[in-house]
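This report describes the strand pairing, helix packing and selected backbone features of one protein model. Please read it alongside the sequence and coordinates.

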Amino acid sequence: AVGQTVKRFKVGDPVFGYRGQSMGTNAEYVCVPEDGLVTTKPSNMTYEEAAAVPYGALTALNLLRKVNIQRGQKVLINGASGGIGSYALQLAKYYGAEVTGVCSTPGLEYVKALGADKVIDYTREDFTQSGETYDVIFDAVGKISSSRCKNSLRKNRKYITVKSPTSEKTEYLILLKELIEAGKIRSVIDRPYPLEQMAGAHRYVEQEHKKGNVVIALAKS
């Protein structure tokens with residue numbers, strides 16, 4: 001349903017969006033304002049693929065914009081195979097950065113396929129002890145401190161973490177849609193779960209081994 005004064009959307013428009021930290025309690029339907037974090041769905045994505053975009057990609061874009069990412073910078077992404085890290089990697093490449101992705105052994109080939117210039121298996125190598133330095137270190141899983149990264153950052157460079165506050169904007173969601181339709185970024189789904197298996201989906205995510213995103217597929221009416 002669409003409100004009587006709504007002008008941006010009409011009944012039947014395919015849309016995608018983000019409810020913020022209020023989430024939606026896994027509801028099949030939610031009510032959102034016309035000027036909220038919602039826009040028309042990318043034409044080259046399924047609903048499941050589109051549902052995997054907003055949280056991870058908006059967070060990644062917001063934080064990369066905060067540090068004013070530039071072409072030619074060296075960027076390291078810790079947790080590059082995850083739901084936020086996989087988008088941070090693709091967005092950093094879009095902005096012209098040289099990207100090193102850090103993940104566990106099962107995610108190495110996946111992270112390479114997303115475009116990483118270099119990958120590091122954290123189960124075998126500690127990037128903070130390698131002597132390599134970076135312009136930006138993006139901790140996409142919130143498990144490394146800024147002090148631990150200090151010697152891996154070039155002078156006056158930036159450390160960012162998913163624990164930092166973000167301020168998502170509708171214009172960012174629209175930009176992501178445009179980048180998706182231009183083939184610059186894509187969503188990667190580890191596996192879908194039917195709504196009836198919601199508890200199993202949460203258990204799988206809590207194992208912290210997923211590649212990309214886990215989504216809930218609603219039955220087609």
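Five strands, in the order 5-4-3-6-7, make up an open sheet with parallel pairing. Strands are DSSP runs of E with at least two residues, helices are runs of H or I with at least four, and both are numbered from the N terminus; two strands pair if DSSP finds at least two bridges between them. The edges are taken by strand 5 (118–121) and strand 7, each with a single partner strand, so one side of each has no neighbour in the sheet. On average, neighbouring strands of this sheet are turned by 20 degrees against each other, direction ignored.

Strand 4 (residues 98–103) and strand 5 run parallel and are joined by four bridges. Within strand 5, Val 119 stands opposite Gly 101.

## Basis of the model

The model is predicted: local features need pLDDT of at least 70 and side-chain atom pairs count only at pLDDT 80 or more, while totals for chains, interfaces and linings use all residues. Residues are numbered from 1 along each chain as its sequence is written, and side-chain values use heavy atoms, with hydrogens and water left out.

## Strands 8 and 9

Strand 8 (residues 189–194) pairs with strand 9 (residues 213–217) in the parallel sense over five bridges. Pro 192 has Val 215 of strand 9 as its bridge partner.

## Packing of helix 2 and helix 6

The axes of helix 2 and helix 6 (residues 170–181) come within 10 Å and cross at roughly 110 degrees; axes are lines fitted to C-alpha atoms, for helices over the stretch in contact, and angles run from 0 to 180 degrees between N-to-C directions. The two helices, helix 2 and helix 6, are therefore roughly perpendicular (65 to 115 degrees; under 35 counts as roughly parallel, over 145 as roughly antiparallel and the rest as oblique). Helix 2 contributes Pro 54, Ala 57, Leu 58, Leu 61, Asn 62 and Arg 65 to the contact, and helix 6 contributes Tyr 172, Leu 173, Leu 175 and Leu 176, where contact means heavy atoms within 4.5 Å.

## Individual residues

Thr 39 lies in strand 2 (residues 38–40). At 7% relative accessibility, Thr 39 is buried (under 20% relative accessible area; exposed is over 50% and partly exposed in between, with a 1.4 Å probe and protein chains only). Beyond neighbours within four places in sequence, the contacts of Thr 39 include Phe 9, Phe 16 and Leu 173.

Asn 156, in strand 7 (residues 153–161), has a positive phi of about 60 degrees and is exposed at 68% relative accessible area.
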